[in-house]
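Let's walk through this structure together, one region at a time. Please keep the sequence and the 3D view side by side as you read.

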Amino acid sequence: MKIQPLADRVLIAPASAEEKVGGIIIPDTAKEKPMHGKVIAAGKGTKDEEMILKEGDEVLYGKYAGTEIELDGEKFLMMRQSDVLAIVNK
């Protein structure tokens, strides 16, 4: 399914939460929600705010930012560009 966010919104695939720490398996209820991910799609921006993010950018975002969406069995986050804290350059 192809999704095109509107205005200043971006669709982000969150990084997977860590499953194992030092040989201990962490149950789903104790996993900390990841705060970074990859931009899958981006809107065109608004007349007041230019879209800086683009498809493929690795980004950091706030712990409670965005709205969770499930598409084709995968979980994504839809959020405004202003909810993104930084672009990660590798």
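Which side chain meets that of Arg80 in a salt bridge? The partner is Asp8, with an N to O distance of 2.7 Å. A salt bridge here is a side-chain nitrogen of Lys or Arg within 4 Å of a carboxyl oxygen of Asp or Glu. Arg80 belongs to strand β7 and Asp8 to the segment before β1 (9-14), so this pair ties together parts that are 72 residues apart in sequence.

Before going further, a word on the ground rules. This is a predicted model, in which local features need pLDDT of at least 70 and side-chain atom pairs count only at pLDDT 80 or more, while totals for chains, interfaces and linings use all residues. Residues are numbered from 1 along each chain as its sequence is written, and side-chain values use heavy atoms, with hydrogens and water left out.

Now for the overall fold. The chain has eight strands and zero helices, and reads β-β-β-β-β-β-β-β along the sequence. Both kinds of element are DSSP runs numbered from the N terminus: helices are H or I with at least four residues, and strands are E with at least two. Of the 90 residues, 29% count as buried, where buried means under 20% relative accessible area, exposed means over 50%, and partly exposed lies in between (1.4 Å probe, protein chains only).

Arg80 is partly exposed at 35% relative accessibility, whereas Asp8 is buried at 6%. A search of the whole structure finds two salt bridges. The other joins the side chains of Lys54 and Asp57, at 3.2 Å from N to O, and Asp57 is buried with a relative accessible area of 8%.

Ala7 counts as partly exposed, at 29% relative accessible area. Asp72 likewise has a positive phi near 50 degrees. Asp72 sits in the loop between β6 and β7 and is exposed, with 60% relative accessibility.

Asp72 also leads us to the second largest pocket, where it is one of the lining residues, along with others including Met1, Leu11, Ile40 and Phe76. The elements that give two or more residues to this lining are β4 (36-42) and β7 (74-80). The lining divides into seven nonpolar, no polar and three charged residues. For that count, Ala, Val, Leu, Ile, Met, Phe, Trp, Tyr, Cys and Pro are nonpolar, Asp, Glu, Lys and Arg are charged, and the others, Gly among them, are polar. The volume is about 150 Å³. A pocket is an open set of points on a 1 Å grid over the protein atoms alone, with protein on both sides within 12 Å along at least five of seven lines, and lining residues have an atom within 4 Å of a point. Points are joined across faces, edges and corners, and the volume is the space filled by probe spheres set on them.

Finally, have a look at Lys63, in the loop between β5 (58-61) and β6 (67-71). The C-alpha atoms of Lys63 and Lys33 are separated by 7.2 Å, although these residues are 30 apart along the chain. Lys63 is partly exposed, at 35% relative accessibility.

Technical notes:
1 Å grid on protein atoms, 1.4 Å probe; cavity = no way out; pocket = protein on both sides within 12 Å on 5 of 7 lines; lining within 4 Å.
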